[in-house]
Amino acid sequence: MISNDIDIDHWRRALAQHARIQIPDFLQPAAAETLARELAERVPWQLAERSSGEARTTPRGAYPDDADYARLLQHGYARAANAYQFAYDSYMLVKAAKEGWDPDLLVHGVLRFLNAPQFIAFARLLSGDEAISRTVLQCTRYRPGQYLMPHDDQDDTEGRRYAFVINLSRDWRPDWGGQLQFLDNDGDVLETFLPRWNSLSLFRVPQRHQVTFVVPWVAHPRHAITGWWLAG
Ligand SMILES: O=C(O)CCC(=O)C(=O)O
Ligand SMILES: [Fe+2]
């Protein structure tokens, strides 16, 4: 599934030095194609948003209708003036696997693959973090008007060590928004990762970052498989 051509030593040094990297051509091309098609055509999306003041993901099979969706988005925008907000589409792979949802989807295999001993060994090698013991995962989709405001991914209960994003949308343009940006405490943008086709964005947690607002003229959604490497 993962490309055999990744220069692990190079990326290990870059990650140790910068705490964030973007590896191009991460998956083998056929795997990237297959997963991209699945995200575009088969994944039954849920809406993740925070307009009530708490993170919520719509239950399986209960994506809001157009009117409810528009209302939720507008509530989120109104509250975004003063509070942390986000709105994006998600498919909760860990929960889906636990509860046996949609067994025909190939993305379940990605969760298994990214938790196999060989992959955990790869994660430890790349990061130098021997405490990494498992991977949690979700599929994500960002459409026009969706976004994820600045946050740092710190989660004391889960033990997140690294965050990663496998980007599966083609030919992403910088004017489309949907960029992963790293921020300092003054609000300056330290670095921007365009969600490039088949790249792996990988960064140490905690770090302040955001996914910028996706513009109305975007040609297609921003699809990704994203997750964390956890300790313990
Ligand atoms: O999709 C991305 O580029 C980053 C997503 C993210 O920061 C998150 O889900 O916490
Ligand atoms: Fe994040």
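**Briefing on the predicted model**

A19 sits in the loop between α1 (8-18) and β1 (20-23). Helices (H or I, at least four residues) and strands (E, at least two) are DSSP runs, numbered from the N terminus. This is a predicted model, in which local features need pLDDT of at least 70, side-chain atom pairs count only at pLDDT 80 or more, and totals for chains, interfaces and linings use all residues. Residues are numbered from 1 along each chain as its sequence is written, while chains are lettered from A and ligands numbered from 1 in the order in which they are written.

**Backbone features**

- A19 has a positive phi of about 70 degrees, although A19 is not a glycine.
- A19 counts as partly exposed, with 14 C-beta neighbours inside 10 Å. A residue is buried if 20 or more other C-beta atoms lie within 10 Å of its own, exposed if 12 or fewer, and partly exposed in between; C-beta atoms are placed from the backbone.
- D153 is not a glycine, yet D153 has a positive phi of about 70 degrees. D153 lies in the loop between β6 (147-151) and β7.
- D153 is partly exposed, with 16 other C-beta atoms within 10 Å.
- The peptide bond from V205 to P206 is cis, with omega near 0 degrees. P206 belongs to the loop between β10 (200-204) and β11.

- The residues around ligand 1 are T140, L148, D153, V165, L180, S201, H209, V211, A224 and T226. A residue is placed in this shell if its C-beta atom, placed from the backbone, lies within 6 Å of the molecule.
- By type, the shell around ligand 1 has five nonpolar residues, four polar and one charged. Ala, Val, Leu, Ile, Met, Phe, Trp, Tyr, Cys and Pro count as nonpolar, Asp, Glu, Lys and Arg as charged, and the others, Gly among them, as polar.
- β11 (209-211) and β12 (222-231) each supply at least two residues of this shell.
- An unreviewed UniProt entry annotates residues 133-231 as "domain: Fe2OG dioxygenase". UniProt positions are given in the numbering used here, feature names are shortened, and annotations may be inferred rather than shown by experiment.
- Over residues 133-231 the chain is 51% strand and 0% helix, and the end C-alpha atoms are 5 Å apart.

**Helix α2**

- α2 (residues 29-41) has 13 residues and reaches 18 Å from its first C-alpha to its last, close to the 18 Å expected at 1.5 Å a residue. The expected span is 1.5 Å times one less than the number of residues.
- A32, L35, A36 and L39 are buried in α2. Seen down the axis of α2, the buried residues fall within an arc of 105 degrees, so they line one face of the helix. The arc is that of the directions from the helix axis to the C-beta atoms.
- Exposed residues A30 and E41 are on the face of α2 turned away from its buried side.
- The cover over the buried residues of α2 includes α5 (107-113), β5 (132-142) and β12.

**Two buried residues**

- S169 is found in the loop between β7 (160-167) and β8 (180-183). S169 is buried, with 23 other C-beta atoms within 10 Å.
- Not counting residues up to four places away in sequence, S169 touches P195, W197, H220, P221, R222 and H223. Contact requires C-beta atoms, placed from the backbone, within 7 Å.
- S169 and R196 are 27 residues apart along the chain, and their C-alpha atoms are separated by 7.1 Å.
- Y142 is in strand β5. Y142 is buried, with 26 other C-beta atoms within 10 Å.
- Beyond residues up to four places away in sequence, Y142 touches Y88, G178, V211, V214, P221 and R222.
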